[in-house]
Amino acid sequence: MTQEECKSLDELLAILTKYHPETNVDLVSKAYHFAEKAHEGQFRKSGEPYFTHPLTVAGILAKLMLDASTIAAGLLHDTVEDCEGVTQELIEKEFGPEVAQLVDGVTKLKRLDFTSKADQQAESIRKMILAMSKDIRVVLIKLADRLHNMRTLKSQPPESQKRIAQETLDIYAPLAHRLGVYKIKQELEDLCLRYLDPDGYQNLIIRVGMKRAERENSIRDVIEQLKQKLEEMHIKYEIDGRPKHFYSIYRKMVLQHKPFEQIFDLIAIRVLVDSVQDCYAVLGIVHTLWRQVPNRFKDYISMPKPNMYQSLHTTVISDKGMPFEVQIRTFEMHRIAEYGIAAHWRYKEGRQVADSLDNKLYWLRQILDWQNDTRDSEEFIKSLKVDLFSDEIFVFTPRGEIIDLPKGANPIDFAYRIHSAVGNKCVGAKVNGRIVTLDTPLNTGDFVEIITQQNSKGPSRDWLKIVKTSQAKAKIRQFYKKELKDENVANGKQMLEYEAKRQGMHLSALSKSEYLEAILRKLSFADIEDLYAAVGSGGVTSVQVITRLNDEIRQHEKPLIPLQPRVTPEQGITHNAKGKTDAGIKIAGLPGCQVHFAKCCTPLPGDEIIGYITRGRGVTVHSKDCINVNASHDPARWVEAEWADTSNTYYNGSIQILCQDRHNLLADIMSYLTALKINVTAVAAKLNPNNQTCTIEMTMQVSNKKELDWVIKQLEKRQDTISIFRI
């Protein structure tokens, strides 16, 4: 993708009409003048007028040979977000529903309230992917937008440069790759490298440039040799040499730990011919002219990449000992290799190959499937990176059909790729005729057969830890969500109660319509039962729900549930008289009284506390957020309490752990706590056979709340821990 940028409307229309002579130039002209006026007086951080950005974006889209509606949307893509008085409704009124839908798909969710930057990023990308499912041009506009932002990134502060470059490398460059738009993908990657590793980038430029003249002379000789043979065979061709883009070289050096001298394809020769038959004929000529490097031949014509890329790749060594790569493809394959999904768009407009195009976007439907079941922002972004950026392998079904999977995928991933019913009934697998374990990594060329059993109870929860694809994870969660809904609802409610209590809240607030409706809307649930079920099945975390509840309460500026009024001096207890007890508690007005701790909440130093005067038993101390504090029918018995000197004193703290069940689980946890020098005083365990989990309740001696929180954090790090709460 050349960095020559459009400077005027005439230049933009010249590029557009070159590929679309009968296009709607009036629509583009109208969008140009509308956007120019809307952005009037706005400037970029570089000091340029802001309108240079949407104009450049439109120019990039025109060079991708996209239609007038897409280019108009490129001109308008920032107007709703950044220009006062411009609304989505106005865009639709002026330019029609097609352009308005494209602009809306690209618009960031800046106006929504998010709890974190990760939430904002996840929701913006989620919206973009949903818009892609309706119209793939949305992501092409977004990629053009990101490309120009990366070209002008030097005007941003250093911390923003690294953040934007990393996000681009994680999300947008892989998206360009999956859509086959290599012109954008390669430039994005090189620009990211410049900011993420400036020293490595400059060093690479120097090393590539040192012997450039020598390589160029050698490659000219090679091209002349090949041209002579092709003309002898009367094959129509185009041939040129191209340098490898920097990030590709860098990735091989860093990820594959290869020295610069072992990068064989610093220069590649590209040969374009008319037919597939000619492609293989040219391959034969290349292999007769030069010695082939072993294990460096790839046939992407018979086994195309999921992003529609087709080509023959082979690496050979010239007569002068220089290794170089030869890429051979048809002219049509080259158009798709350069422009990817954009190359197909003109055909889809005529519905000539719509079904074929839809089949090639299978990976997009996969993302849409699992993104609906993944509401946790961190997990969503992590899964997206894995699905977009992982290397691919190609395996075969017993019938010889080709299935593409991410590198590292295993038979369970394969089973769910075939069908969710096959995955749910899977009990074993054969790879190349041999029975293997279900966590065996698959390799390109493997023949995979899944062994199923009709009376299988379904997938194991352990599979969630070993599957590679987000599709498989989503299908496993979906199974437990449907099959174990009642249990998930109960577990989810219990988990939310514990988390609410841990954050000093009462879950009863969740049932209030002003809070519940907002939370259900933000998390896309129909009712509170679906929310409980999602928490219980792991689709959304209890921390995420309670944090959102807390945010809603703060926005309404209401205390959650106020504690009952304290007893007054007139009721017989004096507040300013304080005494110390043996339990390390000061009770207002009752020096030296007998004190014991409530079993319902077992408060620890660090918790806010309150005392309750009992008949004949002194004072019972509760946490202020204990549910029994507000359930009391006699507020006159409540008395102020606070912690005194608690040094060298130990208290009982209780926790509940939900774990994946396995052999020696309890013994391992006890050994782990012993190593942490934690004294456990009571243990109770209950097996949950329906979902192969175990619930363990423990009481241990700790000096304060802070120490108990530390123990909880250590236990959370264990792989077998699903959730853990203080009781």
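## A four-stranded open sheet

Strands β18, β19, β17 and β20 form, in that order, an open sheet with antiparallel pairing. Strands here are DSSP runs of E with at least two residues, helices are runs of H or I with at least four residues, and both are numbered from the N terminus; two strands pair if DSSP finds at least two bridges between them. The edge positions belong to β18 (679-688) and β20, each with a single partner strand, so one side of each has no neighbour in the sheet. On average, neighbouring strands are turned by 20 degrees against each other, direction ignored. Axes are lines fitted to C-alpha atoms, for helices over the stretch in contact, and angles run from 0 to 180 degrees between N-to-C directions.

A word on the model itself: it is predicted, so local features need pLDDT of at least 70 and side-chain atom pairs count only at pLDDT 80 or more, while totals for chains, interfaces and linings use all residues. Residues are numbered from 1 along each chain as its sequence is written, and side-chain values use heavy atoms, with hydrogens and water left out.

## Strand β17 and its partners

Let's look at β17 (residues 651-660), the strand that holds Q660. Ten bridges link β17 to the antiparallel strand β19 (residues 693-702), with Y651 standing opposite V702. Towards β20 (residues 721-726), β17 makes five bridges, again in the antiparallel sense. In that pairing, I657 has I724 as its bridge partner, and C659 has T721.

Nine of the ten residues of β17 are buried, so the strand is largely enclosed by the rest of the structure. Buried means under 20% relative accessible area, exposed over 50%, and partly exposed in between (1.4 Å probe, protein chains only). Q660 counts as buried, at 8% relative accessibility. Beyond its neighbours within four places in sequence, Q660 is in contact (heavy atoms within 4.5 Å) with R461, D462, K465, L665, Q692, D720 and I722.

## Helices on the sheet

Helix α30 (residues 665-675) lies across β17, β18 and β19, and runs at about 25 degrees to β19. Helix α31 (residues 705-716) also packs on the sheet, where it touches β17, β19 and β20; the direction of α31 makes about 170 degrees with that of β20.

## Nonpolar cores

In soluble globular proteins, nonpolar side chains tend to be buried together. A nonpolar core is a set of buried Ala, Val, Leu, Ile, Met, Phe, Trp, Tyr and Cys residues joined through side-chain atoms within 4.5 Å. The largest one has 73 residues, and L12, L75, L143, M150 and I184 touch the most other members. A second, separate core of 31 residues includes V595, L604, V639 and M698.

Back to M150: leaving out residues up to four places away in sequence, M150 touches I164, A165, T168, L188, L191, C192 and Y195.

## Two loop residues with positive phi

H234 is not a glycine, yet H234 has a positive phi of about 55 degrees. H234 lies in the loop between α13 (212-232) and β1 (237-243), and is exposed, with a relative accessible area of 73%.

N432, also not a glycine, has a positive phi of about 55 degrees. The loop between β8 (426-431) and β9 (434-436) contains N432, which counts as partly exposed at 46% relative accessibility.
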